[in-house]
Amino acid sequence: MLRKLNLVLLVTLLFCCLPVGLAFAQEEPEEQPVEEPFTIYTLGQQSLSISAGMFIPLFLQEFPLFGGAVIPNAEDDKMLKTRVAGSLQWGIHLSNNWMTGLEIGGILTKDINDTPYYMLPITVKGSYIIHFFPFEFPIFLGTGMNIMKYSDILNLTWIVKPGFSSIWKYNINWGFGLNVVYWWVPQFWPDDHTKGRMGNFLEITLTAQYNF
Amino acid sequence: MNLYRYIRWIILPALLSVFLLGCDKTPIFYTLEGVYPIDKDLGLTNNIAVFEMTLFSDTDTWYFAAAGTLYARSSSTDSWKPLSPPVAGASCDTIEVFGGLLYAGFYEQDGTGLGLYRVDPDDNPASFDDSTNPISVNWTKIADAAVQDKQIGMVKDVGGTLCVATAVWNDTDKKFEYFFFSTADGNNYAPVAFDIAPADPVVDSELYGGPQYWVIAGGDLYVDTSAPLDNLVLQNPDPTEPQTSGSFGGLLVKGTDLYLSAKDGKLWRYDGSDWDDTTTVKIDDTGVRFTRFIDDTRSGDILVGTEGAGYYKLTGGALSSVQRRPSPTLDLYKSAINSFYLDTAVPPGILFACTYGSGLWREVYDTDAGEWKWYQE
């Protein structure tokens, strides 16, 4: 009776280990064609990213875009201080190279008198991914609405966020890298056109990406 | 599917509309462009409560600020120094310059009144040695029994008469009793009678017209219609006189008008015969708690402080033109302003705002920027 039980346990263990062994066998690098990229995306594959890093205020500019006077955020952080930025992104692959998605970002900084200033952009994003195994270089453009709060003042603006990333693929699911994103925030002011300004900022963040 | 349509076509636009309506009519980037460093770091802590300030000008020119500790700053220096109190650890909330002397009411840390003191800041270094830190002061205590060892709530020069409000604890009735005195020479204090005793301390007084002494205490408005100031009659049992559900905040005479503020959002103007009032000024459906006035002779406007909403400007003194100030980007915008002081000796004038918890602020004209700017002392 005891011998029968041992046999059943052994068979059960073998069945349990078989899929694990097969899975590891599938990830053997020598089975991948050398010239192929490590990851290949297909329609419907999704990704989640979380990013955090630095937010650098660059300058404000009067309208028009070409020719409007530039008001620099001087060396001593005259208007806004360099502080933190972060974002969460969901994306869906359309092909191996194209991806679209949504991004919710946020920055928190202060002015020279330590008055808090927040921005919360919610953008739709399109990316073109250049593969260079084991790296990926997405070039992207996001646009959407931007909620701004400074002291007690609340504004809603449009935002455009072009940028690029360099991602090192740790494995089939995970990638890690760096984002460099330009924030262009035009604030039109129809009540008084002379008060319209364009905000120009730079985001440099580290990112972790999960594909599934 | 129906739910999806509702979300897409009704709920999301509705939410966006509500959000847009909630946005302010001030452009943030344009506002940011005007930001400048406000902290001049002149030695006063930025979060202290400053109750009153005044200017003494004779041989020397000194600013004094009563902030619990009494501070002084020579107009030629950029640093505030504390003054030694008459009793170690004593505090001061009210000061006034009268007859070439600085008067200050002191109390002990437990609230016990020490009475009224005075000093000649020009008498240096005999009784006012500003080479020391804190400045060594030999205070002279006013010996008149009216103010001696009393809690001094207010000391103010009202048209050449020094008025002093005191509070005395009545141990039998277990409550404070409030008194008011006047003096022409600073030595002999005559009691000012009330026809109906106030339940709150006197907080402000003004001389109006020829002559009327107006006094406010809590929600009571008194007047003495003849000099000398000795007999106050309660005015506002009469419903045609200003009424407040809270208490009055301040009085001001400008030209032929008398202004009165209250802590329920109301402002009044009296032209000698009738009272004119604003509609109630509200923030989030609550009346603004107005405090003291200042006649800003630099611009011809009247400013009135508040408890927690900065100050309001009455352009040219018109009640209909009341506007909240200063810029929302400054802490002063949300501060409680106890009082103002305007120094007109230095053209084009320097305005001081004494706040509760946000220190002392100074508004000066920036010739480079071509605008008035507030700085924290």
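**Exercises on a two-chain predicted model**

B:Leu303 stands opposite B:Lys313 in strand 28 of chain B. The model is predicted, so that local features need pLDDT of at least 70, side-chain atom pairs count only at pLDDT 80 or more, and totals for chains, interfaces and linings use all residues. Residues are numbered from 1 along each chain as its sequence is written, while chains are lettered from A and ligands numbered from 1 in the order in which they are written.

**Exercise 1.** Find which strands of chain B pair with strand 28.

*Solution.* Begin with the terms: strands (E, at least two residues) and helices (H or I, at least four) are DSSP runs numbered from the N terminus, and two strands pair if DSSP finds at least two bridges between them. Next, strand 27 (residues 301–306) runs antiparallel to strand 28 (residues 311–314), with four bridges joining them. These two strands of chain B form a hairpin with four residues between them, and B:Gly308 in the turn has a positive phi of about 105°. Finally, strand 29 (residues 322–325) is also joined to strand 28 by four bridges, again antiparallel, and here B:Leu314 stands opposite B:Val322.

**Exercise 2.** Describe the side of chain B that touches chain A.

*Solution.* Counting residues as in contact if their C-beta atoms, placed from the backbone, lie within 7 Å, 18 residues of chain B meet 21 residues of chain A. Helix 2 of chain B gives the most to this side, with six residues.

**Exercise 3.** State which secondary structure chain A has.

*Solution.* Chain A comes to one helix and nine strands, and along the sequence the pattern is α-β-β-β-β-β-β-β-β-β.

Methods
Contact = placed C-beta atoms within 7 Å.
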